[in-house]
Amino acid sequence: MRSLLEHILKGIVRHPEDVVVVELEEDGKKVFEIVVNSEDVGQVIGKDGRTIKSIKILLSSLTDGKEFTLKVVRP
Amino acid sequence: MKTVITSGKTVEEAVQKVVNEYSLLDDEYEIDVVEKGSKGFLGMFSKMAEVKVIFKKKYFERKLSKFLEVILEKTGGVDLISIDSDGKTYFVTLGGTGVGKLIGKHGKTLGALQHISSIFLNRLSDVKLNVVIDAGNYRERRKKQLEIIAKDAIRQVLRSKRKVTLDPMFPFERRIVHEIVKKYKRVASYSVGVEPYRRVVIEYVPGKTRKGVKR
C-alpha cells in the first residue's frame, strides 16, 4: 500500500523526486506520513482537502476496511 | 496539450533533447521548426536551431493508462478497457469482476479515482484537460436512475404544488437533475446545504414557462 501511495503522489506533484512516505504505527493504528516539496503541499491536499480525501478513499477501497491515517507533514 | 520550445546545434539535436526528457515515442509528437540553424562561417555567425515539439494526444493517453494500470494492479479484477479522447476530454472505461469495489458507495471511489487522474493528466499538460472514468457502465446507469428520480419528483411537485427535497447528491449528479427540471414548465430547482450533503430542491412556480420565471 505504501508503494501505491507513493505512485499516486509522484504522479500528481511537481517534484516527484522529493516524495517520501513513511509508514508507522501510532496507538495501534497505521499512519502514513507524507513528505513532499513545500511547493506541492497545496496540490497534495487540494481545495478543501479534496485531493487528500480522494487518495484516502481510493486506498481505503483496496485495504478491506483496515483503518489508517494520512498525514501531510512539512519538510 | 503541451508544446515545448527548445534549441540545439541542429534541429535533430534539439528534438532529441525533448524526446529523451519526456521519453516520447515516435508517433507521439510533431515538430515545428522555428529556426533551422546554421554552422556559420569558420564558427562565426552560427545560429542555434530552434524547434517546437508538440505533444500529441497519444502521449497523454499512454501516460494516463500507465498511471492507472499500476493502481488497478493493486485493485484486482479490474481491467482498463479503453482510453479515448475527444478534444480536451479523456474517457477511460474500466471493466471486470472487481468494478463494484472500485465504484464504491454512490460512486465515491470512482469519483476519487477520476479526481486523482485528472490532476495527474493536468500535471503533464499546458491546458486544462478533463478526465471522465466509467466502470461497468456505472455512469450511464446512474444517469438513467437520476432521470427517473427527477421525473418522479417533478410529478409529485406538480401534483402537490409543494416543494420536494431530494437525497444528497454529487455536484455532477445535481447538475443532471437541474438540467432535467429546466425542461419542465411550472417547476424550478436549486440546491441547499453544504457538501457532501448538498441536496436538490424542486419547487412549484405557477408562472414559469420553459424560457424563464414569470411571476
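Q: How many residue pairs in polar contact, both at pLDDT 80 or more, does the rule find across the interface of chain A and chain B?
A: This is a predicted model: local features need pLDDT of at least 70, side-chain atom pairs count only at pLDDT 80 or more, and totals for chains, interfaces and linings use all residues. Residues are numbered from 1 along each chain as its sequence is written, chains are lettered from A and ligands numbered from 1 in the order written, and side-chain values use heavy atoms, leaving out hydrogens and water. A polar contact is a pair of N or O atoms within 3.5 Å; within protein, one must be able to donate a hydrogen and the other to accept it, and residues adjacent in sequence count only if both atoms are side-chain atoms. Between chain A and chain B, the number of such pairs is six.

Q: How far apart are the closest N and O atoms of Arg62(B) and Glu28(B)?
A: By an automatic or database domain assignment, chain B is divided into domain 1 (2-55), domain 2 (59-136) and domain 3 (140-204). Across the interface of domain 1 and domain 2 of chain B, the rule finds two salt bridges (a side-chain nitrogen of Lys or Arg within 4 Å of a carboxyl oxygen of Asp or Glu). Arg62(B) forms a salt bridge with Glu28(B), and the closest N and O atoms are apart by 2.6 Å.

Q: Which residues of domain 1 of chain B lose the most area to domain 2 of chain B?
A: Eight residues of domain 1 of chain B are in contact with six of domain 2 of chain B. The area buried between them is about 630 Å², with 46% from carbon and sulfur atoms. Together, three residues give 66% of what the domain 1 side buries: Lys2(B), Glu28(B) and Phe55(B).

Q: How many residues apart in the chain are Lys58(B) and Asp27(B)?
A: Lys58(B) forms a salt bridge with Asp27(B), the closest N and O atoms being 2.8 Å apart. Lys58(B) is in helix H2 (residues 57-75) of chain B, and Asp27(B) is in the loop between helix H1 (11-22) and strand S2 (29-35). The pair links distant parts of the chain, and the separation is 31 residues.

Q: Which residue is the bridge partner of Ile83(B) in S5(B)?
A: Two strands pair if DSSP finds at least two bridges between them. Seven bridges join strand S4 (residues 79-86) of chain B to strand S5 (residues 89-95) of chain B, and the strands run antiparallel. They form a hairpin with two residues between them, and Gly87(B) in the turn has a positive phi of about 65°. In S5(B), the partner of Ile83(B) is Val92(B).

Q: Which residue of S9(B) stands opposite Ala188(B)?
A: Strand S8 (residues 187-192) of chain B runs antiparallel to strand S9 (residues 199-204) of chain B, joined by six bridges. Their hairpin has six residues between the strands, and Gly193(B) takes a positive phi near 95°. Opposite Ala188(B) stands Glu203(B).

Key
Contact = heavy atoms within 4.5 Å. Buried area = accessible area lost by both parts, 1.4 Å probe. Helix = DSSP H or I, 4+ residues; strand = E, 2+ residues; numbered from the N terminus.
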